Amino acid sequence: MSTQVPPVEASPAAPSTVAPAGDSVGDAARRWWAGIRAGDLGILPIIIGLLVIVVVFQSQNDRFLTSGNFVNLIVQLAATAVIAMGVVFVLLLGEIDLSVGYVAGVAGVATALMLLPDGSNELSAGPAIVIAIAIGASIGLLHGLLITKLGIPSFVVTLAGLLGWNGVVLLLIGTRGTVTIQNDTIIGVANDFLSDGIAWLVLLLGIALYAGVLLSGRRARAKAALPAEPIALLVLRVAALAAIGAAVVAVANDDRGVPYVFLLLTGLFILWTYVLNRTTFGRHVYAVGGNAEAARRAGINVDRVKIACFMIASSMAALGGIVLASRLRSVDTNAGSGSILLYSIAAAVIGGTSLFGGRGNIRSAILGAMVIMSIDNGLGLLGLSSGTKFVVTGLVLLAAVAVDSISRRGRENAGRA
Amino acid sequence: MSTHPILELRGVSKRFGAVQALYQVDFKVHPGEVMALVGDNGAGKSTLIKCVAGIYPIDAGEVLFDGNPVQVHGPKDAAALGIEVVYQDLALADNLDVVQNMFLGREQLGSLRRLDEVSMERRAKETLDSLSVTTIRSVRQTVAGLSGGQRQSVAVAKAVMWNSKVVILDEPTAALGVAQTRQVLDLVKRLGQQGLAVVLVSHNLHDIFEVADSITVLRLGQSIAEHRTAEVTQTQVVESITAGKLSKVPGLAEEVVA
């Protein structure tokens, strides 16, 4: 089961763009090529970027392309990808959330404290996770209300959040220094693996589901006499998912297996992609990001959409914080600090979500996290310092934004903006 | 044309602080009629359509829809009556495609509260076809890639899709070239032929004489005259716009005139 192929192949511009009058794979390929030349690059820069990363690091250290490191990479990128999915919602509005790092920290610490085995008020994993995410949602609600009802720019509100929630992390930890997590369920999120057979079964189910969704969508369009994708292209998509998914499962099974956190990522990816592309709310998020005035005149409650997006961002940050705490098996005063905030925002942007609002998708969070964490992982294998990591990651972010700017110019020239 | 106006304003006044934006304005439009609303800058055209659309509350006078007095408190009330306004800036989201824009805020849902893309796409196509809009290649392209005339067509199609009875177009040809203007004027004519009441706000008398059945002239917030297009010349209309007789001289206190 893989997350790399979305259930609906969306153009970067907007959700659910369906090919016009497509009749053969050749036509579809020609349209794709024309789109690229007009600056509609899609995921092409990311694939090229990942290839470059693989070639460079593999040539420097042959441990980079091993199954063990592949499984490590999945576990390492999970928290960043989860937080970045929430960031996508805020970026789609054309807003920013600088607080996601420490909101993740607050949720991680809160989870660890709720699970402390001190007899009286120890919770089990389920309620602790629910409460931690609810804390995240409340923080997002607070940010959203300040931004929409008081009209404070999101940059300022979440910058205050960056400081404030850092303080809350320190206050919660108090004099404990480090809180170790002993709950097996929480630790298992990032440290346990699916058994080989289950992983294959899940992959098969996923492929069947994807094929089913594509087929039923195509049948509905054909029934309504609307242009539908050629069946061969559909087969190609399913085959691509099957190939990538089989590769992931095979390689992971060669080592410890597919981590549970990969299932979590896949589930969240499907959930949020569905929300963005198939629900009224998702449509309104794109509309508010594209033209807030048009959205307002269309009767959309712009404030409510914004508040909901900030709540999603903070909730996903909280979930990411739990994943991070699970991987580290403990939380300390550094929870949520360091690179996690900037990596999460950079992941969404590198993956192709615009900082200017209205353009992007959930896929970009995962693809961007793959790029950033591959670099982080590779430089780590080479034994390079954090300093080098940050410089290189900064350059990659710059390159990604440059590619976006240049392709945007191409789109404008081609009238595709 | 029916003798019974679908939308009628009687003695509508609107004041912003010291500025009397509208003073006892009478205005009416019948089904199937293209009514032009003309006037110099500051004559109150925009204020009038915003009052009809429910964006501004009126201070005095009454609005009748289909013969019945109505209270329009917001754009949703106006839309519920069947009054749609296409503003000059069109209010389209560039990053959404034609179908998504046409259904924005009024999306159709299928099972599981899922967007029903298929029926929305079909209905968008039908609406564009019924307006003989043939210049849009694909309803799934984003609006960013459309020309000014095509955008205007999308905005108009969006307005008429909802069984609307009155469509108000604010300066629909202001930013358009010759060929684009032609597309839009043809579209305006077709709306009238389909039985809609069309209110066309414009500065361009040439356009107005081509498509409008009647012309209402506003001057300094007052309705000066209603002409049948066939019975007047452009010169007479210009005269009304610039020198039409006012019932109240702005700046003078009401008591003095009375």
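Predicted model: local features only at pLDDT ≥ 70, side-chain atom pairs only at ≥ 80, totals over all residues.
User: What counts as a disulfide here?
Analyst: In general, a disulfide is a covalent bond between the sulfur atoms of two cysteines.

User: Is A:Cys309 buried or exposed?
Analyst: A:Cys309 is buried, because its relative accessibility is 0%. Buried means under 20% relative accessible area, exposed over 50%, and partly exposed in between, with a 1.4 Å probe and protein chains only.

User: What about B:Cys51?
Analyst: B:Cys51 also counts as buried, at 4% relative accessibility.

User: Changing topic: how many helices and strands does chain B have?
Analyst: Chain B has nine helices and ten strands. These are DSSP runs numbered from the N terminus: helices are H or I with at least four residues, and strands are E with at least two.

User: Why is chain B called as compact as a globular protein of that length?
Analyst: Its radius of gyration is 19 Å, close to the 18 Å from the globule rule for 258 residues, so chain B is as compact as a globular protein of that length. The radius is taken over C-alpha atoms, and the rule is 2.2 Å times the number of residues to the power 0.38.

User: What share of chain B is buried?
Analyst: Buried residues are 53% of its 258 residues.

User: Now chain A. Which helices and strands are counted there?
Analyst: Chain A contains 16 helices and two strands. Along the principal axes, its C-alpha trace spans about 65 × 55 × 40 Å.

User: What share of chain A is buried?
Analyst: In chain A, 51% of the 417 residues are buried.

User: How far apart are the mean positions of the charges in chain A?
Analyst: The mean positions of its 27 positive and 21 negative charges are 11 Å apart. Lys and Arg count as positive and Asp and Glu as negative, while His and the chain ends are not counted. Each charge is placed at NZ of Lys, CZ of Arg, CG of Asp or CD of Glu.

Notes:
Residues numbered from 1 in each chain as written. Chains lettered and ligands numbered in written order. Heavy atoms only, no water.
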